[in-house]
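Reader: I have a structure open and have not looked at one like this before. Can we go through it piece by piece?

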Amino acid sequence: MSIKEFDVFVIGTGTAGKSVAYDCAAEGMTVAIADNREFGGTCANRGCDPKKVLVGITEALHITKNLTGKGITSVPKIDWQEVQNFKAGFTDAVPASTEKALRKAGITMYHQSPVFIDEQTLSVEGKAVKAKKIVIATGQQPLELKIPGREHLQVSDDFLELAVLPESMVFVGAGYIGMEFAHIAARCGVKVTVIEFKERPLTPFEGDIVEHLTKASEALGIDFVFNAEVTAVEKLRKNYRVHFQKNGKKQSLKTRMVFNTAGRVPSIAALALEKGNVAYEKGGVSVNAFLQNTTNPNVYACGDVSASGSLALTPTSSQEARVVSFNIIKGNTTKMDFPPVPSVVFTIPQLASIGLTEAEAKDKGYDIRVEYKSVPHWYNAKRINADVYAYKTIVDTKGDLILGAHIIAPHAAEMINLFVLALCGKLKPEHLKAMIFAYPTWGNDIKGMV
């Protein structure tokens, strides 16, 4: 039997992979795409989108609690099964609609993770296929905790599909996934404990702003165990016992469910990259400025799986896919140039950040001016009875340019987008202060933050 050949073979059907497939197919290229899970990728099926649906429900609950006695007379109750049904309305149709769109574009689909045979040949569904260009866009997967009892650990996928909420949960890891799910669960009445190896949650974020979120989380009822290393998970009759070490002492606690939220790693282990002469590193598939593999020029990588140096976020995946498409279609003409990228933790309140932290700015040798205030007395917080609202902005005193902005607020995710415009446009604080925004809005508040 002859080997089927394609101009482009894409591995992964998430934001990055399907974007490249559509772009190349639109140029008349023969394109194939493969995935070992449901088509549509992590964000739409089991990541950002369904998570935000659950967050939205808890936001409604939170604001009614804040305004009880201020005109609201009773707090609604959450029906978890109805919440899950609502969420399913966003996710259930994704795989079929993705496949329908790919088929319409003339893209051949494979439902298995391919493995490399050589630099331009893959084995998929028991068949060998060749491609002039191969695009790796497999995203990331949960980091495996190599401890006894790790088979009892559940991951974010499992949380999003929970039919019933347990009485208690432990999250191993206080990154953005652990913190977001901890807030969702705690607001739904679950007793939540977060165990973190480091001294605080969300270590890449600005420490002073994270401290406000830590206190708000504790006020919600979330227990934190910091500077602790989980060493084993033991199955009991109905519960699990989580063993950990803290300050050199062995400790443990019982819980009904344990989640591994210790982080995510590039999903490359199943690809047999060595056989394809594809270089990789801790951050994923090694790439140059064109997002082309450093050892196999027939291979490109984009999205969370590429070691491009960007944040592993859906918007950066889209940007990288665009660059890969250009370079496959037109030759290596476009280099990846990352603008300032915002990052958001969808807890309540939200934590949002862009640019440098204070420590990073000092390490880079900038002469800086720092604006750091807690402002729950500002009107927008007071009108919804929100008790946590703070910001920190870092300005380069020589160039009078904003280097970083960090906000904790009910609508920090939207506010940070205005700082995206400021950083990308190299606007000075005086430029922002001179602008007229609608009032009273959260966006208008940024004029007081610089």
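Reader: Where is Ser353 found?
Author: Ser353 sits in strand β20, residues 350-355. Helices (H or I, at least four residues) and strands (E, at least two) are DSSP runs, numbered from the N terminus. This is a predicted model, in which local features need pLDDT of at least 70 and side-chain atom pairs count only at pLDDT 80 or more, while totals for chains, interfaces and linings use all residues. Residues are numbered from 1 along each chain as its sequence is written, and side-chain values use heavy atoms, with hydrogens and water left out.

Reader: Is Ser353 buried or exposed?
Author: Ser353 counts as buried, because its relative accessibility is 10%. Buried means under 20% relative accessible area, exposed over 50%, and partly exposed in between (1.4 Å probe, protein chains only).

Reader: What does its side chain make a polar contact with?
Author: The side chain of His406, at 2.7 Å. A polar contact is a pair of N or O atoms within 3.5 Å; within protein, one must be able to donate a hydrogen and the other to accept it, and residues adjacent in sequence count only if both atoms are side-chain atoms.

Reader: Ok, charges. How many salt bridges does the structure hold?
Author: There are 17 salt bridges. Each is a side-chain nitrogen of Lys or Arg within 4 Å of a carboxyl oxygen of Asp or Glu.

Reader: Which residue forms one with Arg46?
Author: Asp157, with the closest N and O atoms 3.9 Å apart. Arg46 lies in helix α2 (residues 41-46) and Asp157 in helix α6 (residues 156-160), so this pair ties together parts that are 111 residues apart in sequence. Both Arg46 and Asp157 are buried.

Reader: And what about Asp223?
Author: Asp223 forms a salt bridge with Lys191, the closest N and O atoms being 2.8 Å apart. Since Asp223 is in strand β10 (residues 223-225) and Lys191 in strand β9 (residues 191-195), the pair ties together parts 32 residues apart in sequence. Asp223 is partly exposed, with a relative accessible area of 34%, and Lys191 is partly exposed at 41%.

Reader: Which residues are linked in a network of salt bridges?
Author: Glu206, Asp208, Glu358, Lys362 and Lys392. Within that group, the side chains of Glu206 and Lys392 meet at 2.9 Å, N to O. That pair links distant parts of the chain: Glu206 is in the loop between β9 and α8 (207-220), Lys392 is in strand β22 (residues 390-396), and they are 186 residues apart. Glu206 is buried, and so is Lys392.

Reader: Switching to the backbone. Which residues does a cis peptide bond join?
Author: Ile348 and Pro349 are joined by one, with omega about 0°. Pro349 is in the loop between β19 (343-345) and β20. The peptide bond from Tyr439 to Pro440 is also cis, with omega near 0°, and Pro440 lies in the segment after α13 (429-434).

Reader: What is phi at Leu202?
Author: Phi of Leu202 is positive, about 50°, although Leu202 is not a glycine. Leu202 is in the loop between β9 and α8 and counts as buried at 3% relative accessibility. Asn247 has a positive phi near 55° and is not glycine either. Asn247 lies in the loop between β12 (240-246) and β13, and is exposed with a relative accessible area of 64%.

Reader: Last one. How far apart are Ile57 and Gly126 in space?
Author: They are 44 Å apart, C-alpha to C-alpha, and 69 residues apart in sequence. Ile57 is in helix α3 (residues 48-66).
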